[in-house]
Amino acid sequence: APLRNAARAAAVLKNYNVLTSMGSAALSSLPDLAGTIFRHGLTSTFRDAYAPFFSFLTRQSDVWQEAGRQFRAMGIAVESTLASRHHALTDTLDTYHPQSRLERTMQWATGKFQFANMLAPWTDFAKINASLVASSEILRATKAAAEGKATARQLRTLGESGIEPHMADRVWKAFETGGEVRDGVHLPNTADWADAEARRVFEGAVARDVDIAVITPGQEKPLWMSHPILSVLGQFKSFTAAATERTLISNLQRRDAQVLQGLIFSLGLGMLSYKLNEVTGGTPTSDKPQDWVKEAISRGGLLGWIEEGNAMSSKMTRGGVDIYRLIGADKPLTRYASRP
């Protein structure tokens, strides 16, 4: 009973932390858009996601809107309804049933806060775009595999997604009968697929790719971060744990042109995030390019746990021990300005 009560108190504290620390979550999440480019490159991302989106904005095509409907039916891009990424990022899962009015109020407020800070609509937007790119790339690869023309990269894409050669043929045949290519965009329409197993495999592959591109923490965090009380110390670190595996380690292994494109895009969005956060906070930005690079790397989660350890050592030594001194950046990170 004492441990349970302590865990309930810890849950209230974590909800309070969300309400007081996540006000600019959407602005800080701008680098999320780089995840798809890391995985599939700039050309594929703009062709399969942003071109349809801009056509939708100019009312030339409704294919982006239709794709969003289909992916929501697949259980992807439903953050506004389920808040799964919001709870994973903030470690506010409903482990204990709230018993007091205070607990219920804090839990309700935390769930709705993702709309106040715009994280929910931003996540859904990013995941629809990531789904468009991932599904198109997977379907192109299955077509090539079915025709015996798959490149080494396409075979790797299918392998990473758990799609074996015989299943690739089934997925493509199911798409040919149930899906369509409209305005150059692959609309899977899996609800009409006759092959249930091919549908399950394809939807799982797309969901996996999207959760990697738009980092949605899963089982990457250390066990102590799941402890009902100790997890308070690791709150907001689930993103760091996931980024270490899904961004840092994954892209170090690939080392190709698409990773370079994603890196450049991530740095640009990280700098934009830094600027917008400082403008909304009413504080001046640094006039040194090195400090902008430092902020961009930090906000993009490019170094994972390395970034976390460096930020803490820099804070404890008043900037004396900081890897960013190697590039001449000496301004403290704005993300950790309130850290004691």
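Select Arg59 to begin: Arg59 is exposed because its relative accessible area is 79% (exposed means over 50%, buried under 20% and partly exposed in between, with a 1.4 Å probe and protein chains only). Arg59 sits in the loop between α3 and α4 (63-73); helices are DSSP runs of H or I with at least four residues, numbered from the N terminus. Its phi is positive, about 60°, although Arg59 is not a glycine. Most residues other than glycine have a negative phi.

The model is predicted, so local features need pLDDT of at least 70 and side-chain atom pairs pLDDT 80 or more, while totals for chains, interfaces and linings use all residues. Residues are numbered from 1 along each chain as its sequence is written, and side-chain values use heavy atoms, with hydrogens and water left out.

Next, select Met118, in the loop between α7 and α8. Met118 also has a positive phi, near 70°. At 45% relative accessibility, Met118 counts as partly exposed.

Step back to helix α7, residues 101-116. Its 16 residues should span 22 Å at 1.5 Å a residue, and the end C-alpha atoms are 22 Å apart, which agrees; the expected span is 1.5 Å times one less than the number of residues. Look at Thr110, where α7 bends by about 25° (the angle between axes fitted to the seven residues ending there and the seven starting there). Now colour the buried residues of α7: Glu103, Met106, Ala109, Thr110, Gly111, Phe113 and Gln114. These buried residues pack against α1 (2-21), α5 (79-82), α6 (84-90) and α8 (119-146), where contact means heavy atoms within 4.5 Å.

A cavity is a set of points on a 1 Å grid over the protein atoms alone where a 1.4 Å probe fits but cannot get out, and lining residues have an atom within 4 Å of a point. Grid points are joined across faces, edges and corners, and a volume is the space filled by probe spheres set on the points. The second largest cavity has a volume of about 40 Å³. To find this cavity, select Leu33, Thr36, Thr45, Ala49, Tyr50, Ala126, Asn129, Ala130 and Val133, which line it. Helices α3 (34-57) and α8 are the elements that give two or more residues to this lining.

Finish at Glu295 in helix α14 (residues 289-299). Glu295 counts as buried because its relative accessibility is 3%. Show Tyr274, Pro332, Leu333 and Thr334 as well: Glu295 touches them, not counting residues up to four places away in sequence.

Note on methods. 1 Å grid on protein atoms, 1.4 Å probe; cavity = no way out; pocket = protein on both sides within 12 Å on 5 of 7 lines; lining within 4 Å.
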